[in-house]
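These are my notebook entries on a single chain, written while I looked through its structure. I began with the charged pairs and then turned to the helices, the strands and the overall dimensions.

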Amino acid sequence: DSPERGFSYKTEGPLDLRMNPLKGIPAWKRLRQFSEDELTGMLEENADEPFAAEIARTIVRDIRQGVRIETTGALHQEVVKALQKVQVPDRKEAIKKSSARTFQALRIDINREFEVLYTLLEKLPYILAPGGRVAILTFHSGEDRLVKKAFKHFHQEGLYAEIADTVQRPSAEECFRNGRAKPAKLRWAVRADY
């Protein structure tokens, strides 16, 4: 929630997005490294962004023309600019959602979140005690796909005796009390007894 960390387009601040500000490079520097195709792929892979190509084209073109995208507001304005010519029923809502997804995708990239999750999922069945249980809470579809796929794979391999058939979601009451709970999905697995 600290504006100086740059995690949201809703408050002005430096475009950093690092979980640990002492490691890696800030998001504004990372944006300069992408080609248009790489940025499009990253937006699609990390956030399922439907306007990934338009956003990537706008950002890469503007960076090449000397536009400095170093603040949260500047990145948000790039999304606004990218969606100006896109036909959508509610432009304001589309911009809001695309901005959130763009920040999410960039944060995932900067912090290598999928690689960290993948490493955990690969090691997890081997570090759980026989009969041990694990529950993983995800907050977006990319994370959930990785968890679902890993649990299913290791269940088929016989390392998990049981996995969740369906995802568990927060109740309407919980979402009302905590708006951040809305996208949460919980999946679980039980280690085989051997």
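Entry 1, salt bridges. I counted 16 salt bridges in this predicted model. I then examined several of the pairs in turn.

I looked up R101 and E49 and found their side chains joined in a salt bridge, with 2.8 Å from N to O. R101 belongs to helix 5 and E49 to the loop between helix 2 and helix 3, so the pair ties together parts that are 52 residues apart in sequence. I checked the accessibility of both partners. R101 has a relative accessible area of 21% and is therefore partly exposed, whereas E49, at 3%, is buried.

I next looked up K81 and D62, whose closest N and O atoms are 2.5 Å apart in a salt bridge. This pair also links distant parts of the chain, with K81 in helix 4 (residues 72-82) and D62 in helix 3, 19 residues apart. K81 has a relative accessible area of 40% and is partly exposed.

An α-helix has 3.6 residues a turn, so residues three or four places apart point the same way. K97, at 44% relative accessibility, is partly exposed, and E93, at 30%, is also partly exposed.

I located F51 in the loop between helix 2 and helix 3 (52-64). Is F51 buried or exposed? Its relative accessibility is 15%, and the cut-off for buried is under 20%, so F51 counts as buried. Leaving aside residues up to four places away in sequence, I found that F51 touches L83, V86, V88 and S98. I also took the C-alpha to C-alpha distance from F51 to D165: the two are 32 Å apart in space and 114 residues apart in sequence.

I compared the length of helix 6 (residues 113-127) with expectation. Its 15 residues should span 21 Å at 1.5 Å a residue, and the end C-alpha atoms are 20 Å apart, which agrees. I listed E113, F114, L117, L121, L124 and P125 as buried in this helix. What covers the buried residues of helix 6? The cover includes helix 2 (36-47), helix 5 (91-111) and helix 7 (141-156), as well as strand 1 (133-138), strand 2 (160-163) and strand 3 (185-191).

I repeated the length check here. The 16 residues of helix 7 should span 22 Å at 1.5 Å a residue, and its end C-alpha atoms are 22 Å apart, which agrees. Its buried residues are G142, E143, D144, V147, A150, F151 and F154. These pack against helix 6 and against strand 1, strand 2 and strand 3. Just after helix 7 I noted G158, which takes a positive phi of about 90°.

I traced the pairing of strand 3 with its neighbours. Strand 1 and strand 3 run antiparallel and are joined by six bridges; in this pairing I136 stands opposite R187 of strand 3. Strand 2 and strand 3 are likewise antiparallel, over three bridges, and Y160 has R191 in strand 3 as its bridge partner. I recorded strand 3 as mostly covered, with five of its seven residues buried.

I counted eight helices and three strands. In sequence order, the pattern is α-α-α-α-α-α-β-α-β-α-β. The C-alpha trace spans about 60 × 35 × 30 Å along its principal axes. Of the 194 residues in the chain, 44% are buried. I also looked at contacts with a separation of 6 or more, and 63% of them join residues 24 or more positions apart. Finally, I recorded an accessible surface of about 11,600 Å², with 52% of it belonging to carbon and sulfur atoms.

Definitions and conventions
Residues are numbered from 1 along each chain as its sequence is written. This is a predicted model: local features need pLDDT of at least 70, side-chain atom pairs count only at pLDDT 80 or more; totals for chains, interfaces and linings use all residues. Side-chain values use heavy atoms; hydrogens and water are left out. Helices (H or I, at least four residues) and strands (E, at least two) are DSSP runs, numbered from the N terminus. The expected span of a helix is 1.5 Å times one less than its number of residues. Buried means under 20% relative accessible area, exposed over 50%, partly exposed in between (1.4 Å probe, protein chains only). Contact means heavy atoms within 4.5 Å. Two strands pair if DSSP finds at least two bridges between them. A salt bridge is a side-chain nitrogen of Lys or Arg within 4 Å of a carboxyl oxygen of Asp or Glu. Accessible areas come from the Shrake-Rupley method with a 1.4 Å probe; for residues, only the protein chains shown count as cover.
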